[in-house]
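Hi,

Here is the structure I promised to pass on to you. Have a look at it first, and then read on for what turned up when I went through it.

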Protein chains: 4
Amino acid sequence: MIKAGIFGATGYTGYELVKILQRHPQVEIAFATSQSFAGQTLAAVYPQAPQLPLILGEEAPLDQVDVVFLCLPHAAAAETAVLALNHQVTVIDLSADFRLKDADTYAAWYDKAHPAPHLLADAVYGLTEFARDQLPGAKLVATPGCYPTSILLPLRPLLTAPLPITGPIIADSKSGTSGAGRTPKAGTHFIHVHNNFAPYKIGRSHRHLPEIEQGMHWFRADAPALIFSPHLLPVDRGILSTIYVNFSEAVGLDVVRPYFTQMYANEPFIHLLPDGELASLAHVTHSNKCAIGLTLAGNTLVVTSAIDNLVKGAAGQAVQNMNVVFGIEETAGLI
Amino acid sequence: MIKAGIFGATGYTGYELVKILQRHPQVEIAFATSQSFAGQTLAAVYPQAPQLPLILGEEAPLDQVDVVFLCLPHAAAAETAVLALNHQVTVIDLSADFRLKDADTYAAWYDKAHPAPHLLADAVYGLTEFARDQLPGAKLVATPGCYPTSILLPLRPLLTAPLPITGPIIADSKSGTSGAGRTPKAGTHFIHVHNNFAPYKIGRSHRHLPEIEQGMHWFRADAPALIFSPHLLPVDRGILSTIYVNFSEAVGLDVVRPYFTQMYANEPFIHLLPDGELASLAHVTHSNKCAIGLTLAGNTLVVTSAIDNLVKGAAGQAVQNMNVVFGIEETAGLI
Amino acid sequence: MIKAGIFGATGYTGYELVKILQRHPQVEIAFATSQSFAGQTLAAVYPQAPQLPLILGEEAPLDQVDVVFLCLPHAAAAETAVLALNHQVTVIDLSADFRLKDADTYAAWYDKAHPAPHLLADAVYGLTEFARDQLPGAKLVATPGCYPTSILLPLRPLLTAPLPITGPIIADSKSGTSGAGRTPKAGTHFIHVHNNFAPYKIGRSHRHLPEIEQGMHWFRADAPALIFSPHLLPVDRGILSTIYVNFSEAVGLDVVRPYFTQMYANEPFIHLLPDGELASLAHVTHSNKCAIGLTLAGNTLVVTSAIDNLVKGAAGQAVQNMNVVFGIEETAGLI
Amino acid sequence: MIKAGIFGATGYTGYELVKILQRHPQVEIAFATSQSFAGQTLAAVYPQAPQLPLILGEEAPLDQVDVVFLCLPHAAAAETAVLALNHQVTVIDLSADFRLKDADTYAAWYDKAHPAPHLLADAVYGLTEFARDQLPGAKLVATPGCYPTSILLPLRPLLTAPLPITGPIIADSKSGTSGAGRTPKAGTHFIHVHNNFAPYKIGRSHRHLPEIEQGMHWFRADAPALIFSPHLLPVDRGILSTIYVNFSEAVGLDVVRPYFTQMYANEPFIHLLPDGELASLAHVTHSNKCAIGLTLAGNTLVVTSAIDNLVKGAAGQAVQNMNVVFGIEETAGLI
């Protein structure tokens, strides 16, 4: 049994992780931390949660675990990662701290110097389907952001193929409200969200933009720029990204689709939809799947891509990564 | 007092029209029709509706009204329009029948020959802010579709300006469920829509596409093609269109914004948002307004545009048109 | 024109009041206050609100108004009422401060001594249909709570009639989330409310209980006790109270209904539903109406009663009261 | 492995059953039927469903299964039950056909003569916690209705105890919309349900009333009458029943609670909430649990009881019953 510790178990991502690990046949939760609810159990926060005791992060017994999951605010995550790595504990980070390879970019977008820039080079960017070869035995894994997962998975076959892609790529993304976290704010007040639909930080201003473009450049060195428009949906969970990729000349779906099939046909968590079917939240909520639909309109490919932001976009992909790191069945705990 | 008849009063658009006309100081509802509820009153369909008697369409006293509003299925609307025009009654059509100028295009998208092609040339396309000069005294007005209204209003200042627009224009639109009508269907069942978000007929396959492109070409003869992606939102009402317009060279917001200001600053129903503010459903639901926000991202202008699909996207704009046709205060009944 | 000031204009009740007064033909808003947004306009808080300037409460020009509406926290309301009355300004209070006639009861339920107990005797409890005779010329009106309005209106004909009612009356009430106010809290976070339904403070523990029982005793000196169970609904607005009244012997609907008809048949804001029709939120949202349905089951009368908590349950009834106080048309601004 | 057949797999209950049986370690789905989708797979109906082939009911290979689950309309279920029993197949019925012991009562409430009255006496009413002793080896099990489950489970310890219960018992119940089935209807149209909350068939007119009273009389021969008021909630799933039980004299919670503890403390699917905590949908959705909270108000006990209507109220309890019938772990597949 793999012994796992969870830092920050009371956020939505932390609780989702607890639910997944509880049914994981090869993992045992050794501890769970919470700065606000230490001394209580997770059932004090979520009425269906188990009586899992919560301790302060600084009291976590790092010498008793094989792996820690960090569901912490950025910067705090990096500091905890350093401690855990010093104890030889594998770190699966769910924060943004180890996603960007460049410390200056991090500083520019996250408003503080990176707490552990020396770790960036070795951290594996855990978009599992892309990083599968780098994951076995990795000591530090950065779980991708929710929006980046929904956008990079479908862009990967396109950008790595010799397709005549031109101009900015546009990702119009819509996310459920759990993506905004558990802290009550004016913007997540029921009355504000219900019956509403609103864009935010559109264009090139959301923190996930540099992360997505970094991945796009891994796929294709001269990838075009991204225009990224997140919107807030009046639902609990799920992200749908509608992605527009322009070709400089006519390209048929019969040319495009095989790149997806070759790359993803055997992936357990990629659901390639047949021609004419579009991805929707109903395809993916409460699952670790990414559903992908392809539609051609003139010389523009419209890709619909859906994930559950708390599962494939966070806790599910984190466990998927852990499974590969430890060499166990990749789907364990996830289906 | 203008005497008005309403054909098809029990649909969502018809009922919205009743609500607006009831508070309109210069209009009196002379009759309302319903094929399914004739013999009952509108209160049998909507619990807050007035006791407005419903009659069969074929029994409507056309000689007693000045204007009729047609909230009928396409084709049926055109047939009723012919009858009404024969009685010298002004027709404000809310169906798709007189929106497209070309009968062949109509036939291709609406699966039947146009019932009255001889009327197409004289029908005024009632995007009010655009058509204001053609409306006074008009006998036949086509109220634009909901999606076209949300997209054409913000595209008008852009396409009529000498801006270096290139490539396809992309409109990623999201609509509340009332746009799908009052008839229960699998796709509008509560369980299907709630907690879901789904695209449909994306790319170049929705019937509103030729209508929007027709308007774009009025604004600019060589307008680029449109990629149009509608999505269904789990809310009652409201449309948000996120529109992407690429420039072939750098253009500042200081250049773009004045075109909007000059065209729309004095419009009572256009709400131009200041820099940094994005349009949302909360800006417009239950009003006849169109809120427009401008964001520049590299060489791409991202326009957010919001309307209430039942008001500015249907019944409200129909009344706005009627006001201009009859030479009364354009905002009467609407604020 | 009646000149009105609004204290606390940025809460949901305050904004609803602004919307009603804006369309009221005989009222002009002279000022609006907000401690948090003073210096800005109401449009900074609500995207569809007018550019109404907000000032600090202590800077309100009381000598320039005929009436003030107090949408303030309890205790703060009473203190402002004293100031306004000193300026001979009529006070329509929407807080709980002047609803209970007994200062000790107030202290017991609101955790502080009443700031102005000498005013309690003369304050009119503005359940308009009940208080209509006391309102003309009143200087201080307490607008009833939202739950009390939904429960007392239907109980009034029952308790004043010689019906054999026997102990306890049960009111199972369900309210939209706007009743919980504009301040973000864990209990009104979108994720908490959406997909959920939860009771709170049930039995005899909610602050509205003594207010409702006070009214019940006005109607019938020996009224039975009330069991009151509020629940939170995942909707914006509306209250439905399902009320159970037991008779000690068989009583027919033909006996019960006339008491309702005699009392309410001509009331503009009471919608008595015919036999077999039950009240629902759809009957009343965005209106000042109270819909009442009657169902007999054995010797138990089940009354369904619906109001919009922000209109008939707050701002609407406040304006209805003001209309009666000033001797103008009772429905002005409200239909 | 137990081989199971599912009749009526495409309804909400049928699909919930498929999801539970798929993860059940001792069950294998042998066939699934659908009259509307025969020839297709379940994935054609639900985007996350498996590629489970659907066949016509009349083609179901009854000789290849140990158990069948009937998710069929009433009457159709009884006819299929007869066939299955003739093949010595155990029948777990989820319809109403075998819940009522009295064929005349069935005929009065379900508008047709019972198709197989000779089976009623031996059918086990599968409120599992109550029927556990009768279930092992049973050939025909009637799964209780959703509302009855939510009401009978908490009434059982009360009615079997020597408590001085008087007068009608009132159950004010609120259900998510999945309870109304998968067929689109005006009453389950998104626009009708969203933002609304409505009672229906209240008092003594809902078909679940005789079923609940039958259970109440099993618990206590002279049980009082029930007043039952169902309401429709704008959520997918979940039932909350707020139940009012009057005592003829003062009884403390310290007297009441032990009856619940003795009966339910060790039940895996009953979640007895501590004093002061009330049941809510959040306690139970997507689980087979029934959460029960107790509140005393004067001489009235207010019981809050929550279940997931599709799980403990249908498919989950059906599987729980099957587990007991076949002598395997009662919680298998359910936690």
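In chain D of this predicted model, helix H5 (residues 146-160) and helix H7 (residues 208-219) pack with their axes 9 Å apart and at an angle of about 20 degrees. Angles under 35 degrees count as roughly parallel, so H5(D) is roughly parallel to H7(D). The crossing of H5(D) past H7(D) is right-handed. If you want to find the contact on screen, H5(D) brings Tyr147(D), Pro148(D), Ile151(D), Leu152(D), Leu155(D), Arg156(D), Leu159(D) and Thr160(D) to it, while H7(D) brings His208(D), Glu211(D), Ile212(D), Gly215(D), Met216(D) and Phe219(D). Sorted by class, the residues in the contact of H5(D) with H7(D) are nine nonpolar, three polar and two charged.

Over in chain B, helix H5 (residues 146-160) also meets helix H8 (residues 253-264), where the two axes come within 9 Å and cross at roughly 115 degrees. H5(B) passes H8(B) in a right-handed crossing. On the H5(B) side you will see Arg156(B), Pro157(B) and Leu158(B), and on the H8(B) side Tyr259(B), Phe260(B), Met263(B) and Tyr264(B). Six residues of the contact between H5(B) and H8(B) are nonpolar, one is charged and none is polar.

Now to how the chains meet, starting with A and B. Here 37 residues of chain A are in contact with 37 residues of chain B. Several strands of chain A give two or more residues to the side that touches chain B: E8 (165-175), E9 (198-199), E10 (226-232), E11 (239-247), E13 and E14 (300-307). Of these, E8(A) provides the largest share, with five residues. By class, the side of chain A that touches chain B holds 20 nonpolar, 13 polar and four charged residues. Chain A can be laid on chain B by a rotation of 180 degrees with 0.0 Å of shift along the axis, at an RMSD of 0.0 Å. The same surface serves both copies, as 97% of the contact residues of chain A recur in chain B.

What about chains A and D? There, five residues of chain A are in contact with five residues of chain D. The side of chain A that touches chain D consists of two nonpolar and three polar residues, with no charged ones. A rotation of 180 degrees superposes chain A on chain D, with 0.0 Å of shift along its axis and an RMSD of 0.0 Å. The two copies are therefore related as by a two-fold rotation axis. Again the same surface serves both copies, and this time 100% of the contact residues of chain A recur in chain D. Which residue of chain A comes closest to this rotation axis? That is Asn195(A), with its C-alpha at 4.4 Å.

A few single residues are also worth a click.

- Ser280(A) sits in the loop between strand E12 (270-272) and strand E13 (290-297) of chain A. Ser280(A) has 24 other C-beta atoms within 10 Å, and 20 or more make a residue buried, so Ser280(A) counts as buried. Apart from neighbours within four places in sequence, Ser280(A) is in contact with Leu240(A), Ala306(A), Asn196(B), Phe197(B) and Ala198(B). From Ser280(A) to Met216(A) is 64 residues in sequence and 23 Å in space, C-alpha to C-alpha.

- Asn195(D) lies in the loop between helix H6 (190-193) and strand E9 (198-199) of chain D. Although Asn195(D) is not a glycine, its phi is positive, at about 65 degrees. Most residues other than glycine have a negative phi. Asn195(D) is buried because 22 other C-beta atoms lie within 10 Å.

- Lys201(A) is another non-glycine residue with a positive phi, in this case about 45 degrees. Lys201(A) belongs to the loop between E9 and helix H7 (208-219) of chain A. Is Lys201(A) buried, partly exposed or exposed? Lys201(A) counts as partly exposed, because it has 16 C-beta neighbours inside 10 Å.

Happy to go through any of this with you on screen.

Best wishes

Terms used. Residues are numbered from 1 along each chain as its sequence is written. Chains are lettered from A and ligands numbered from 1 in the order in which they are written. This is a predicted model: local features need pLDDT of at least 70, side-chain atom pairs count only at pLDDT 80 or more; totals for chains, interfaces and linings use all residues. Two residues are in contact if their C-beta atoms, placed from the backbone, lie within 7 Å. Ala, Val, Leu, Ile, Met, Phe, Trp, Tyr, Cys and Pro count as nonpolar, Asp, Glu, Lys and Arg as charged, and the others, Gly among them, as polar. Copies are superposed by least squares on the C-alpha atoms of residues with pLDDT of at least 70 in both. Axes are lines fitted to C-alpha atoms, for helices over the stretch in contact, and angles run from 0 to 180 degrees between N-to-C directions. Helices (H or I, at least four residues) and strands (E, at least two) are DSSP runs, numbered from the N terminus. A crossing is left-handed if the near helix is turned anticlockwise from the far one by less than a right angle, and right-handed if clockwise. A residue is buried if 20 or more other C-beta atoms lie within 10 Å of its own, exposed if 12 or fewer, and partly exposed in between; C-beta atoms are placed from the backbone. Angles under 35 degrees count as roughly parallel, over 145 as roughly antiparallel, 65 to 115 as roughly perpendicular and the rest as oblique.
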